[in-house]
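Visitor: I would like to learn how to read a structure like this one. Please take me through it feature by feature.

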Amino acid sequence: MAEQEYRRLTRSRVRRKGFLGFFTIVASTRSSLWLAKDHVLSIDSRRYTEEYKRFYFRDIQAITIRQTKRRAIWNFALMLLLVFWLGMLVSMVSGFESDSATIALLCTWFLILAVPLLANNILGPTCAVYLRTAVQIEELPSLNRVRRAHKALARIRPLISAAQGQLAPEEVSVRIREMNQSSDASAMAGASQNARSESAPTVEDAPSRIVVEPQ
Amino acid sequence: MATFSVLGLNSLAGRRQIHSLPSCPKCGAPLVEGVLNQPSLEPCPGCQSLLQVEVFPALFRRTAPAGSGEIVLVDGESSCFYHASKKAVLACQGCGRFVCALCDCELNGEHFCPACLETGKAKGKIKSLENRRTLYDSIALSLAILPLVIFIFWFFTIVTAPMALFMAIRYWNAPGSIVRHTRIRYVVAMIFATLQIAGWGIGIYFLIENLHG
Ligand SMILES: [Zn+2]
Ligand SMILES: [Zn+2]
Ligand SMILES: [Zn+2]
């Protein structure tokens, strides 16, 4: 059986689940992105299973990068710890009971705290990335830094353009204005669409793709 | 029998988004031209979060009216296998049954009927439909290694080692991770499991020898 070729787009990152995500690393879901010839594959891996979501290039409507405050929060927390350790270190050195083994230990701890602080700032601003299709908006947790997201976008963009064609900048504003005007009308039509969709599955919005729901 | 539905049709939240303008993921403010397709991050007009929104032609794609399937008008016209009153538009590439526009499921340029899609998924044959795989190689490896690593559980190896060996052989040809094409975990699991089983064999042999002698 010929396996479909996937190229890695991002390394896996913990899919954040609120704040607790940090404490549940052992049982965590890791998320990564891969490129195939006609789609982006998102893999959510738990220890012994993998779950797949496919975003076909022809269906991707928008990609949104939102800068987050995560870097600042980490900086604050790490800085606080660092100051605490620095205080300990100074009081140890100045104290008469300064024994070189303890000082060495505290220095090591200082470095252990300083390295992530440095990395947090070298990696650049943090972000959340969302991918939108006609039927869903998915967060892509593996793109958690702006620079990384830009790199990934630079790789995906030509593939989407190849599948969908390109939009001229002035075309974007015209189409957006059109959409804005018609959104009121479609809001009213939406109610009747919902009613109909309950009776029979129709293929109106999704670009002719049907999924089989797991039971 | 699984139910068929268009992606997200059952989620109202998903439906509401469909015809809307792109919006800020934080405050939900609709985004207008100034923020879209800019080379760098720009502040959201609603909440000032820095945003970069790239939109593609699919956003503006006019969606075709519902493909509800045409009704058979002329007597003797071929009809859908599943809907006797609907006009057949093509034959399923899996089984050859005639299907109407409603039953036609396109997949990578091929057309299938709902039944073929269902069996294809069940057998894992249609790869682009798969949405979950079990990593038997990782399970086998854990069974072979973990009781050794957490060394107070070493006596569990009398059970786990044969289990690891069994899993490695049983699932050798099962599809593993969709992106990782190596059987190295099976190989390592088999080596460790075999060593553990050999260890138990030798241990038990000497125990019996000592009891007799
Ligand atoms: Zn906003
Ligand atoms: Zn068929
Ligand atoms: Zn039909």
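Guide: Begin with contacts, meaning heavy atoms within 4.5 Å. In chain A, residues 24 or more positions apart account for 57% of the contacts with a separation of 6 or more. This is a predicted model, in which local features need pLDDT of at least 70, side-chain atom pairs count only at pLDDT 80 or more, and totals for chains, interfaces and linings use all residues. Residues are numbered from 1 along each chain as its sequence is written, chains are lettered from A and ligands numbered from 1 in the order in which they are written, and side-chain values use heavy atoms, with hydrogens and water left out.

Visitor: How many helices and strands does chain A have?

Guide: Helices (H or I, at least four residues) and strands (E, at least two) are DSSP runs, numbered from the N terminus. Chain A has four helices and nine strands. Their order along the sequence is β-β-β-β-β-β-α-α-β-β-α-α-β.

Visitor: What share of chain A is buried?

Guide: Buried means under 20% relative accessible area, exposed over 50%, and partly exposed in between (1.4 Å probe, protein chains only). Of the 215 residues in chain A, 42% are buried.

Visitor: Now the metals. Which residues coordinate the zinc ion (ligand 1)?

Guide: Donors are N, O and S atoms within 2.8 Å of the metal (3.2 Å for Na, K and Ca); water is not among the atoms, so sites may look incomplete. Here the SG atoms of B:Cys24, B:Cys27, B:Cys44 and B:Cys47 coordinate the ion at 2.2 to 2.3 Å. The sequence spacing is C-x2-C-x16-C-x2-C. B:Cys27 lies in the loop between helix H1 (12-17) and strand E2 (42-43) of chain B, and B:Cys47 in the loop between E2 and strand E3 (50-55), so the pair ties together parts 20 residues apart in sequence. B:Cys27 is partly exposed at 37% relative accessibility, and B:Cys47 is partly exposed at 30%.

Visitor: What geometry does the site of the zinc ion (ligand 1) have?

Guide: Four donors count as tetrahedral if all angles lie between 85 and 135 degrees; four count as square planar and six as octahedral if opposite donors are over 155 degrees apart and all others between 65 and 115; anything else is irregular. The site of ligand 1 is tetrahedral, with angles of 107 to 113 degrees.

Visitor: What are the protein donors of the zinc ion (ligand 3)?

Guide: They are B:Cys80 (SG), B:His83 (ND1), B:Cys100 (SG) and B:Cys103 (SG), at 2.1 to 2.3 Å. Angles of 94 to 118 degrees make the arrangement tetrahedral. B:Cys80 is buried at 3% relative accessible area, whereas B:His83 is partly exposed at 27%.

Visitor: How do I read the packing of H4(B) and H5(B)?

Guide: Two packed helices are described by the angle between their axes and the distance between the axes. Axes are lines fitted to C-alpha atoms, for helices over the stretch in contact, and angles run from 0 to 180 degrees between N-to-C directions. Helix H4 (residues 157-170) and helix H5 (residues 184-212) of chain B pack at about 145 degrees, with axes 8 Å apart. The contact residues divide into 13 nonpolar, three polar and no charged. Ala, Val, Leu, Ile, Met, Phe, Trp, Tyr, Cys and Pro count as nonpolar, Asp, Glu, Lys and Arg as charged, and the others, Gly among them, as polar.
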